Amino acid sequence: MSHVLRALPDLMRVGVAGAVAYRAELVIWILTATLPLVMLAMWNAVALDGPVAGFDQDGLARYFVATLVIRQATSVWLVWEMNYEIRSGRLSTKLLRPLHPFWQYATSMLTVLPMRLVVLVPLVAALVWWRPTLLAWPGLTAVLLALASTALAWILTFLVQACFASLAFFLDKTDGLFGVWFGMWALLSGYVAPLATFPDWARPVVELLPFRGMLAVPVELLGGFLSPAEAMTDIALQLLWVGVFAVLTGAVWRRGIARYGAYGA
Amino acid sequence: MVRRGPGRAAQVAGGLLAASLATALQYRSDFWMEMLTGLSRSLLAFGPVWLVFSHRETVLGWSADDTVLVLGLYLLVHALLAGFVEPNLGAVVESIRAGTLDFVLLKPADAQLLVSVRRLAVGRLIDVPLALGVIAWALAQRELPSGSDVLVALVLLVSGLVAMYSLWLLAICTSFWFVRVDNLRFLLWSMVDAGRWPLPVFTPWVRWFLTVAVPIGVVTTFPALALRGEWDARLLGLGIAVGIAFAVGSRWAWRRSLAAYTSASS
């Protein structure tokens with residue numbers, strides 16, 4: 001662990017330099033994650049004549065603004081990056097360094113996070129200007145829990161992507177396969193609709209799946225739709241899924257790296 | 001035999017499409033993967049519609065069936081853009097960066113035609129029959145549209161498709177000057193997502209934006225309105241005008257871009 005901490009400042013400097021060099025690209029990438037706004041438009045029209053599943057128009061606006069923010073705060077693009085590096089052999093460079101590649105990927109992605117959130121500020125400001133009544137303070141405990149839950153959501157997202165990316169050691173390409181997972185995630189993580197809008201028979205199942213812990217838990221905490229007391233079970237579930245994927249991803253990576261034979265290896 | 005005019009253009013396009021089909025079929029696992037991704041994407045697109053209409057009978061006068069009709073048109077346009085337009089125009093950006101666009105420009109046929117039909121994402125085109133099925137199902141839920149309604153819907157659809165293709169071409173033209181802005185296309189994709197809902201759910205200025213700037217509304221909501229028999233001369237005129245404006249504008253921009261292109265070898 002200590003050698004990771006020692007390498008951290010340098011890795012972060014590299015990450016920031018990369019983000020600054022491609023800042024125009026970064027802005028475009030962030031603007032591509034605006035699906036919550038399209039969904040907000042529809043749900044806003046649905047709630048015109050009264051609340052839907054407990055959400056009024058202000059609540060929906062708050063929910064989807066929180067979705068927009070948490071989506072950026074948990075953004076990971078490991079599947080695409082690692083797929084490319086495995087196929088092109090560039091992973092070999094990372095393997096030569098005395099630090100597990102996952103740490104190198106993780107720091108490079110985490111250092112860009114603050115910039116991603118700063119770019120969102122004008123977008124969120126515009127939404128607040130459109131509907132000032134969406135603002136509501138969920139309470140300090142909820143915000144602190146939301147921060148912890150966001151960290152867990154990031155780790156879970158990273159581990160899931162690391163798992164799909166490590167499968168690329170066995171299959172040629174896995175970004176297509178991940179596309180299927182991403183589609184399920186979009187529907188079941190609360191990205192396109194609050195999970196409260198699901199029918200009663202589906203909700204218990206949906207809430208047990210890993211998807212909710214990747215987005216909806218921090219979003220609902222931040223929006224004030226989930227009380228800190230209720231959130232404890234959800235955070236415990238997040239921890240459980242982090243554990244499951246840590247074991248699974250570790251196993252896939254170890255088997256895969258033994259087969260890895262790109263040039264330079 | 002070398003023909004001239006539109007006949008020759010069709011001949012060139014036919015030959016190129018056959019060649020790109022043959023290329024695409026060589027990468028079979030990629031093909032299956034693309035097909036699987038596309039199918040699951042399309043099926044999951046029904047999720048939000050299902051959720052919305054489990055709470056309401058209609059939204060702003062749009063029933064579930066009408067919304068499914070819009071979604072079907074969205075899936076159709078999405079598949080055509082992903083299958084025909086994106087692979088080709090995406091390749092242009094790469095050619096500009098690598099300098100291989102020169103080889104295209106040297107050929108004795110129109111460069112815009114050549115770069116537009118070189119590649120085909122066959123896996124994505126599987127969504128076309130699926131989308132047509134969805135449209136047919138949605139239409140069967142209500143009184144069948146009259147012949148003139150169908151004709152107007154087709155005109156609007158074609159006009160909108162031309163506009164969307166032209167929009168992609170315009171995005172590509174920017175890469176003659178700024179090589180790294182090719183991910184402008186991803187931005188376009190995210191705006192295309194707005195086409196899965198009927199236009200009236202958006203605030204007025206967004207509605208206009210989705211009609212004249214990123215004209216996805218012209219390809220989804222406009223034909224759906226026509227198929228519901230709710231079109232008038234204004235809607236039809238606006239749809240056609242958008243198509244023509246985009247086609248002329250992008251053609252002009254493409255020529256300007258080629259004139260400014262300095263190639264990799266000069």
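1. Which helices of chain B each supply at least two residues of the nonpolar patch? In this predicted model, the helices that do so are α9 (147–173) and α13 (233–260) of chain B. Of these, α13(B) gives the most to the nonpolar patch, its share being three residues.

2. The patch itself lies on the surface and is formed by L151(B), V155(B), I240(B), I244(B) and V248(B), which together have about 430 Å² of accessible area. Among them, V155(B) is found in helix α9 of chain B; it counts as partly exposed because its relative accessibility is 35%, and the partly exposed class runs between under 20% for buried and over 50% for exposed.

3. Turning to the interface, 30 residues of chain B are in contact with 37 residues of chain A. The size of an interface is often given as the accessible area lost when the parts come together. Between chain B and chain A the buried area is about 2900 Å², and carbon and sulfur atoms give 74% of that area.

4. As for polar interactions, five residue pairs are in polar contact between chain B and chain A, counting pairs with both residues at pLDDT 80 or more. The rule finds one salt bridge across this interface, and R56(B) forms a salt bridge with D49(A), where the closest N and O atoms are 3.1 Å apart. On the side of chain B that touches chain A, at least two residues are supplied by each of α2 (28–44), α3 (46–53) and α10 (184–192) of chain B.

Definitions and conventions:
Residues numbered from 1 in each chain as written. Chains lettered and ligands numbered in written order. Predicted model: local features only at pLDDT ≥ 70, side-chain atom pairs only at ≥ 80, totals over all residues. Heavy atoms only, no water. Patch = residues over 30% accessible without salt bridge, like charges linked within 9 Å, V, L, I, M, F, W, Y side chains within 5 Å. Areas by Shrake-Rupley, 256 points an atom, 1.4 Å probe, with all protein chains shown as cover. Salt bridge = Lys/Arg side-chain N within 4 Å of Asp/Glu carboxyl O. Helix = DSSP H or I, 4+ residues; strand = E, 2+ residues; numbered from the N terminus. Buried < 20%, exposed > 50% of the residue type's maximum accessible area, 1.4 Å probe, protein only. Contact = heavy atoms within 4.5 Å. Buried area = accessible area lost by both parts, 1.4 Å probe. Polar contact = N/O pair within 3.5 Å; in protein donor to acceptor, adjacent residues only side chain to side chain.
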